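This briefing is meant to be read with the sequence and coordinates open. It goes through the model topic by topic.

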Amino acid sequence: MAGLWRCVGVRWGGGEPRLLWEEGRSSPLGYGRDLAFRVVGERSCVGARGNRCPVPAGVPGRSTQARCGECARLDRAHSVAADTYLDDPRTYRVYLAWFGSGMVKVGITAEERGSARLLEQGAVAFGWLGRGPLMAARRCEELLRAALGVPDRIPYAEKRAVRARLPGVGERAAEVAQLHARALALAGWPESLERIECQVIDHAREFGLAGLAPASGVITELVDGGVVGGRLVAAAGPDLHLEVEGAVLVLDTRLMSGWDLAAVGAGEGGGVSVSVREVPKEEGVQDQLF
């Protein structure tokens with residue numbers, strides 16, 4: 001149908017977020033700008049690795065992975081994250097990613113991607129640990145998880161809960177630097193992995209976190225006919241923080257994939273008419289659709 005766009009998620013490039021659409025179009029996401037859309041029709045599978053879903057199958061509205069079971073299996077069949085692609089000749093980097101006090105994870109990413117992976121995860125600060133072949137990076141990741149007691153993933157709900165009440169730049173850099181020193185002092189590093197001197201990089205400016213108010217709710221599901229609209233005040237990883245009628249709501253853009261979306265007219269985008277979960281107080285080519 002004319003005027004409908006299909007979102008494939010948020011991508012970070014050049015230190016800023018953009019919404020990507022099918023057929024390669026993109027929309028810049030500027031802080032302080034209004035963002036509004038209407039959901040149309042039914043949610044369907046986005047396919048796998050650039051290929052359309054042959055059905056296309058329906059996808060639950062609350063799923064953050066807009067793929068049917070078969071396409072999800074195909075997507076992971078050639079995945080570094082799933083350990084199904086072990087002969088990748090590229091150079092990889094091992095990193096420590098910081099999301100909040102006591103919330104640090106270890107991970108790996110292809111060196112050619114730079115810090116994109118860290119931005120995509122919503123890492124507020126991070127530091128490189130080493131660089132080398134894929135399997136050496138993977139062995140180092142496993143060593144650090146066991147020796148330092150750090151996980152390889154942190155749920156987004158936990159990241160969101162602390163995003164508006166982070167300690168200062170110096171304190172978070174110090175936590176990364178302390179773990180970095182412990183990591184480099186460990187025995188058992190793969191010989192083919194080059195160690196990297198500590199340099200902590202902070203993403204608070206890129207995410208727009210200065211003065212961010214705590215979220216009062218999280219959008220949990222989009223539905224046919226639902227409208228989302230508000231002023232974009234921050235973004236981290238896939239999350240957009242929208243100011244709506246004096247409150248801040250978080251929209252996980254992974255929920256947008258698989259839907260047809262339409263621009264809304266003047267006066268239609270000043271609220272939300274989709275499922276929202278209240279956050280307990282204790283948790284603390286260039287085209288445009290919007």
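This is a predicted model: local features need pLDDT of at least 70, side-chain atom pairs count only at pLDDT 80 or more; totals for chains, interfaces and linings use all residues.

Residues are numbered from 1 along each chain as its sequence is written, and side-chain values use heavy atoms, with hydrogens and water left out. The protein chain has six helices and 15 strands, where helices (H or I, at least four residues) and strands (E, at least two) are DSSP runs numbered from the N terminus.

**Confidence**

- Average pLDDT, the predictor's confidence in each residue from 0 to 100, is 88 for the protein chain, and 87% of the residues score at least 70.
- Residues 282–290 stay under 50 in pLDDT, and the model gives this stretch 39 contacts beyond four places in sequence; a contact means heavy atoms within 4.5 Å.

**Burial and surface**

- Of the 290 residues of the protein chain, 50% count as buried; buried means under 20% relative accessible area, exposed over 50%, and partly exposed in between (1.4 Å probe, protein chains only).
- The protein chain exposes about 13600 Å², of which carbon and sulfur atoms supply 49%; the areas come from the Shrake-Rupley method with a 1.4 Å probe, and for residues only the protein chains shown count as cover.

**Nonpolar cores**

- In soluble globular proteins, nonpolar side chains tend to be buried together.
- A nonpolar core is a set of buried Ala, Val, Leu, Ile, Met, Phe, Trp, Tyr and Cys residues joined through side-chain atoms within 4.5 Å.
- The largest such core holds 54 residues, and the members with the most contacts inside it are F37, V94, L144, L222, M256 and L261.
- A second, separate core has eleven residues, including Y95, F99, W128 and V162.

**Salt bridges**

- Side chains of opposite charge can pair when their charged atoms come close.
- The structure holds 23 salt bridges, each being a side-chain nitrogen of Lys or Arg within 4 Å of a carboxyl oxygen of Asp or Glu.
- R131 and E111 form one of them, at 2.6 Å from N to O. R131 lies in strand β7 (residues 125–132) and E111 in the loop between β6 (103–110) and α2 (116–121), so this pair ties together parts that are 20 residues apart in sequence. Both ends are partly exposed: R131 has 25% relative accessibility and E111 has 24%.
- D152 pairs with R145, with the closest N and O atoms 3.6 Å apart. D152 is partly exposed at 28% relative accessible area, and R145 is partly exposed at 36%.
- R163 and D239 meet at 3.1 Å, N to O. R163 is in the loop between α4 (156–162) and α5 (169–184) and D239 is in strand β12 (residues 239–244), so the bridge ties together parts that are 76 residues apart in sequence. R163 and D239 are both buried. Through salt bridges that share partners, R160, R163, D239, D252 and R254 join into one network.

**Backbone geometry**

- Most residues other than glycine have a negative phi, and most peptide bonds are trans.
- The peptide bond from V55 to P56 is cis, with omega near -20°. P56 is in the loop between β4 (34–40) and α1 (69–76).
- R49, also not a glycine, has a positive phi near 50°. R49 sits in the loop between β4 and α1 and is partly exposed, at 47% relative accessible area.
- E245 has a positive phi of about 50° without being a glycine. E245 belongs to the loop between β12 and β13 and counts as exposed, with 71% relative accessibility.

**Single sites**

- Where is T253? T253 lies in the loop between β13 (247–252) and β14 (260–262). At 1% relative accessibility, T253 counts as buried. Leaving aside residues up to four places away in sequence, T253 touches V10, L19, P238 and L240.
- V169 is placed in helix α5 and is partly exposed, with a relative accessible area of 49%. The C-alpha atoms of V169 and A204 are separated by 8.6 Å, and the two residues are 35 residues apart along the chain.
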